[in-house]
Amino acid sequence: DHGPRWFNVSNSELNNCEIHDIRVNGVQFRNATNITVDNVNVTRVSDNRSPDNGDADGFHTYGGQNLVISNSSSSYNSEDGFDLNANATLINVKAHHNNGGGLKVFRRVEDGWTDRTVTAINSLFYNNGYYAPDPNQGNPGIKVSAGGGLNLYNSVVYGNYDEGVKINWA
């Protein structure tokens, strides 16, 4: 039911993987440091729950430092493409056709509201966010919680249901 789950690891790599048709989180990192992910594609993660009540993200982190994801994609998932609560860098990634946002950057009470910053370089975030409990609202291409940080360089955000980029999302 789960894709790869890495808990409390450091100095590790995940390369050249296709992860698809699973129920809970395509790739998950918890309190992981110095992690490199390259050419990993996650698609069709679905737990048959709504994005506001499930765990079907393409890539999911909880805590962590120095996570680098490059040349990878997340698509057609029931929740967010990249759901990141870690200091991370995304290079040449694509997030599209996810029911939640393409990229979510957030902080958690469980880790003392530690600041988290994600940098996205040469990346695409499109056609995300088509689920919303209120049909007048949807998820944006990129959503950043209060206190979260986003650096966006040479990237394209288009065709998402709600705003392209929403800062101080709650």
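L152, V165 and I167 form a nonpolar patch on the surface of this predicted model. I167 sits in strand β15, which spans residues 165-169. With a relative accessibility of 49%, I167 counts as partly exposed, because the exposed class begins only over 50%.

Now take in the whole chain. The protein chain has 15 strands and zero helices. Its 170 residues include 50% that count as buried. The accessible surface comes to about 7600 Å². Carbon and sulfur atoms own 43% of that surface. Contacts also reach along the sequence. Among contacts with a separation of 6 or more, 53% join residues 24 or more positions apart.

Next, go inside. The largest nonpolar core has 29 residues. Which residues have the most contacts inside this core? They are V37, F82, L90 and L103. β2 (10-22), β3 (27-45), β4 (59-70) and β6 (82-84) each supply at least two of its residues. So do β7 (88-91), β9, β10 (117-121) and β12, each with at least two. The largest share is eight residues, and it comes from β3.

L90 gives a view from within. Leave out residues up to four places away in sequence, and L90 still touches I69, F82, L84 and L103, among others.

Strand β12 comes next. It covers residues 142-145. Side chains in a regular strand alternate between the two faces of the sheet. In β12, I142 and V144 point to one side, K143 and S145 to the other. Are these residues buried or exposed? All four are buried, and both faces of β12 are covered. A neighbour runs alongside. Strand β9, residues 103-105, is parallel to β12, and three bridges join the two. In this pairing K104 has K143 as its bridge partner in β12.

Side chains of opposite charge can pair when their charged atoms come close. The count of salt bridges comes to four. In one of them, the side chains of D80 and K104 meet at 3.7 Å, N to O. D80 lies in the loop between β5 (73-75) and β6, while K104 lies in strand β9, so this pair ties together parts that are 24 residues apart in sequence. K104 also forms a salt bridge with D83. Here the closest N and O atoms are 3.4 Å apart. D83 belongs to strand β6 and K104 to strand β9, so this pair ties together parts 21 residues apart in sequence. Salt bridges that share partners join D80, D83, K104 and K143 into one network.

How accessible are these residues? D80 counts as buried, at 3% relative accessibility. D83 is buried too, with a relative accessible area of 3%. K104 has 13%, and it counts as buried because that class takes in values under 20%.

Another salt bridge joins D21 and R44, whose side chains meet at 2.8 Å, N to O. D21 is in strand β2 and R44 in strand β3. The two are 23 residues apart, and the pair links distant parts of the chain. What about their burial? D21 is partly exposed, with a relative accessible area of 46%. R44 is partly exposed as well, at 41% relative accessibility.

N11 has a positive phi of about 55 degrees, although it is not a glycine. N11 lies in strand β2. Its relative accessible area is 60%, so N11 counts as exposed. N122 also has a positive phi, near 50 degrees, and is a residue other than glycine. N122 is found in the loop between β10 and β11 (124-126). At 34% relative accessibility, N122 counts as partly exposed.

Technical notes:
Residues are numbered from 1 along each chain as its sequence is written. This is a predicted model: local features need pLDDT of at least 70, side-chain atom pairs count only at pLDDT 80 or more; totals for chains, interfaces and linings use all residues. Side-chain values use heavy atoms; hydrogens and water are left out. Buried means under 20% relative accessible area, exposed over 50%, partly exposed in between (1.4 Å probe, protein chains only). Two strands pair if DSSP finds at least two bridges between them. Contact means heavy atoms within 4.5 Å. Accessible areas come from the Shrake-Rupley method with a 1.4 Å probe; for residues, only the protein chains shown count as cover. A nonpolar core is a set of buried Ala, Val, Leu, Ile, Met, Phe, Trp, Tyr and Cys residues joined through side-chain atoms within 4.5 Å. Patches are made of residues with over 30% relative accessible area and no salt bridge: like charges are joined within 9 Å, nonpolar side chains (Val, Leu, Ile, Met, Phe, Trp, Tyr) within 5 Å.
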